[in-house]
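The account begins after the display.

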Amino acid sequence: NFALKMFPHSLGSEGAPLLGNSAITSHLEELGYPTLSLKSMIRCGESSGFKAIKNCLCATEIISFNYHCNLRTCQNCSKTRKRRIRAKYLPFLEELRQDRTNFLYFLTISPQNYENLDYGLKHIKKSLSKFLRHKYIKERIKAGLYVVETKGTEGNWNIHIHAIIFGRWIDNKVRTAKDSKIVRLFKQSSGREVNIHIKKQNSTGFTLNYMCKYISTNKDDFETEKDIAKYIVATRKMRLIHTFGDFYDIK
């Protein structure tokens, strides 16, 4: 079955697809999604043909390697991506010297919903870059790691940023004006209304685990199969995890 092969890990208790996967395939073809990429999605979970021999004192075992599409919307591959991201960044973050002045915390930036998906994905990253250049922000935020998350449907895309921030605490308290200082600064940078939430975390590992919740995308984030297809097409070659400041290009 073509649909089941495409999303082999998205099956309900009766063995039926949770999504109208043949519909997603059809939408991807209509949107001009490359044939090779479609084939990669279809092959996910199948044997790659490669094997390895695992030896220990008690037994010898032959291990088969399966093919992975690495798609953000693939339930199985997203788990692998989360483990890979955690393994890459956790040792680095744990070595950071934190004190009462400079420490790690979690930041969420949610601008007003976008009508156009492609425009929104580009606009939110440009807006964040402008936001980080404000004098007040530059003096307080030393570095960060962020991911762009998308939900919604055609004409009403909820595109927002989740970020691990390293530096001084930034002021999100509303005083005399109706907005906090950082809300006003992001509105200047983006030209859009915005909600911002800041949260302290209990530990470095907890902070990164919290971040990894937003690395993958699932079917519940969208209203229709066509929305999922549009998201897959729009983000096919787009990097959605970024570092900035002192974290930029960390190895």
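Helices (H or I, at least four residues) and strands (E, at least two) are DSSP runs, numbered from the N terminus. The structure is a predicted model, in which local features need pLDDT of at least 70 and side-chain atom pairs count only at pLDDT 80 or more, while totals for chains, interfaces and linings use all residues. Residues are numbered from 1 along each chain as its sequence is written, and side-chain values use heavy atoms, with hydrogens and water left out.

## The chain as a whole

The chain holds nine helices and seven strands. Its C-alpha atoms fill a box of roughly 60 × 55 × 30 Å along the principal axes. A residue is called buried at under 20% relative accessible area, exposed at over 50%, and partly exposed in between (1.4 Å probe, protein chains only). Of the 251 residues, 47% are buried. Contact means heavy atoms within 4.5 Å; among contacts between residues at least 6 apart in sequence, 69% join residues at least 24 apart. Accessible areas come from the Shrake-Rupley method with a 1.4 Å probe, and for residues only the protein chains shown count as cover. The accessible surface of the chain is about 14200 Å², and carbon and sulfur atoms account for 48% of this area.

F50 belongs to strand β1, which spans residues 47-55. F50 is classed as exposed because its relative accessibility is 60%. Together with I63 and F65, F50 forms a nonpolar patch on the surface, and the three share about 300 Å² of accessible area. Patches are made of residues with over 30% relative accessible area and no salt bridge, with like charges joined within 9 Å and nonpolar side chains (Val, Leu, Ile, Met, Phe, Trp, Tyr) within 5 Å.

Helix α5 covers residues 117-132 and includes H123. H123 is buried, since its relative accessible area is 12%. A polar contact is a pair of N or O atoms within 3.5 Å; within protein, one must be able to donate a hydrogen and the other to accept it, and residues adjacent in sequence count only if both atoms are side-chain atoms. Such a contact joins the side chains of H123 and Y114 at 2.8 Å. Beyond its neighbours within four places in sequence, H123 is in contact with Y114, S190 and R192.

Helix α7 (residues 181-190) is mostly covered, with seven of its ten residues buried. After α7 comes G191, which has a positive phi near 75°.

## Strands β4 and β7

Strand β4 (residues 141-153) pairs with β7 in the antiparallel sense over five bridges; two strands pair if DSSP finds at least two bridges between them. In this pairing, V147 stands opposite I241 of β7. Strand β7 is mostly covered, as four of its five residues are buried.

H242 lies in β7, which runs over residues 241-245. The relative accessibility of H242 is 16%, so H242 counts as buried. A polar atom of the H242 side chain lies 2.7 Å from the backbone oxygen of R239. Not counting residues up to four places away in sequence, H242 touches K125, G144, L145 and Y146.

## Salt bridges

A salt bridge is a side-chain nitrogen of Lys or Arg within 4 Å of a carboxyl oxygen of Asp or Glu. A search of the whole structure finds five of them, including those tabulated here.

| Salt bridge | Distance, N to O |
|---|---|
| K135 and E139 | 2.5 Å |
| E139 and R140 | 3.3 Å |
| K230 and E154 | 2.8 Å |

K230 lies in helix α9 and E154 in the loop between β4 and β5 (156-167), so this pair ties together parts that are 76 residues apart in sequence. K230 is partly exposed at 22% relative accessible area, and E154 is partly exposed at 47%.

K135, E139 and R140 are linked in a network of salt bridges.

I228 and E139 are 89 residues apart in sequence, and their C-alpha atoms are 39 Å apart in space.
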